[in-house]
Amino acid sequence: MALTNPVPMGPWKITVYDQEHFQGKRMEFTSSCQNIMECGMDNVRSLKVECGAWVGYEHSSFCGQQFILERGDYPRWDSWSGSNAYHIERLMSFRPVCAANHKESKIVIFERENFIGNQWEISDDYPSLQAMGWPSKEVGSMKVQSGAWVCYQFPGYRGYQYILECDCHGGEYKHYREWGSHAQTCQVQSIRRVQN
């Protein structure tokens, strides 16, 4: 039986498998799963997102490295990590992204913590913030005004991923540690809207 949170049912559906290439035990979810082991699976090693956008986590209880999971097939770990540098072969928890609205997304990034310093309002995808004029490799804080965003450590949508939503923290992320439990640096060099 799938674990669920008291989040309203939405247009979300994900099918997970305990082996690569959609093999082994299979389960479908339409809401959050805090710990896949409590559902009778040891881990998730491949998945199909059929509806909505999701966030997958390296550990249970929505902890560890995060990965954006948009509509499509993910036959093995490198299809969700996007990088051989972060060898995370399994996911242990996942949840829907509730605020994803690709067409009406807006975020303001700030140079320093607590919304101080240079700021830039963004409503489009940027594979390289520096190439578009951002003065640094770092972002100190962010305000998500609408939609949901994925920030990446490196240009070209590579490296650690941080999923930021207007529904979390009231959309305000005063410090990089609020981006997720695995956030170790304020380095952000590319950013894009979550596609629902």
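Predicted model: local features only at pLDDT ≥ 70, side-chain atom pairs only at ≥ 80, totals over all residues.
Author: A salt bridge here is a side-chain nitrogen of Lys or Arg within 4 Å of a carboxyl oxygen of Asp or Glu. Residues are numbered from 1 along each chain as its sequence is written, and side-chain values use heavy atoms, with hydrogens and water left out.

Reader: What makes Asp 78 and Arg 76 a salt bridge?

Author: Their closest N and O atoms are 3.0 Å apart, and the cut-off is within 4 Å, so the pair qualifies. A search of the whole structure turns up 11 salt bridges.

Reader: Why is Asp 78 called partly exposed?

Author: Buried means under 20% relative accessible area, exposed means over 50%, and partly exposed is in between (1.4 Å probe, protein chains only). Asp 78 has 29% relative accessibility, so it counts as partly exposed. Arg 76, with 26%, is partly exposed too.

Reader: And what makes Glu 70 and Arg 192 count as buried?

Author: Glu 70 has a relative accessible area of 12% and Arg 192 has 11%; the limit is under 20%, so buried is the word. Their side chains meet in a salt bridge at 2.9 Å, N to O. That pair links distant parts of the chain, with Glu 70 in the loop between β5 and β6 and Arg 192 in strand β14, 122 residues apart.

Reader: How do you know that Lys 13 forms a salt bridge with Glu 28?

Author: The closest N and O atoms are 3.6 Å apart, and the definition asks for within 4 Å, so they pass. Lys 13 lies in strand β1 and Glu 28 in strand β2, so the pair ties together parts that are 15 residues apart in sequence. Lys 13 (27%) is partly exposed, as is Glu 28 (39%). Both belong to a network of salt bridges that also takes in Arg 26 and Glu 50.

Reader: What makes β1 and β2 paired strands?

Author: Strands are DSSP runs (E, at least two residues), numbered from the N terminus, as are helices (H or I, at least four). Two strands pair if DSSP finds at least two bridges between them. Five bridges join β1 (residues 13-19) to β2, so they pair, and they run antiparallel. Val 16 stands opposite Met 27 in β2.

Reader: Why do β2 and β6 count as edges of their sheet?

Author: The open sheet of four strands has the order β2-β1-β3-β6, with antiparallel pairing. Each of β2 (23-29) and β6 (72-74) has a single partner strand, so one side is left without a neighbour in the sheet.

Reader: What makes a set of residues a nonpolar core?

Author: It takes buried Ala, Val, Leu, Ile, Met, Phe, Trp, Tyr and Cys residues joined through side-chain atoms within 4.5 Å. The largest has 22 residues, and among those touching the most other members are Ile 14, Val 16 and Phe 94. A second, separate core of 20 residues includes Trp 149 and Cys 151.

Reader: How do you know that β11 is largely enclosed?

Author: Six of the seven residues of β11 (residues 148-154) are buried, so the rest of the structure largely encloses this strand. β11 pairs with β12 (residues 158-165) in the antiparallel sense over six bridges, and with β14 (residues 190-193), also antiparallel, over four.
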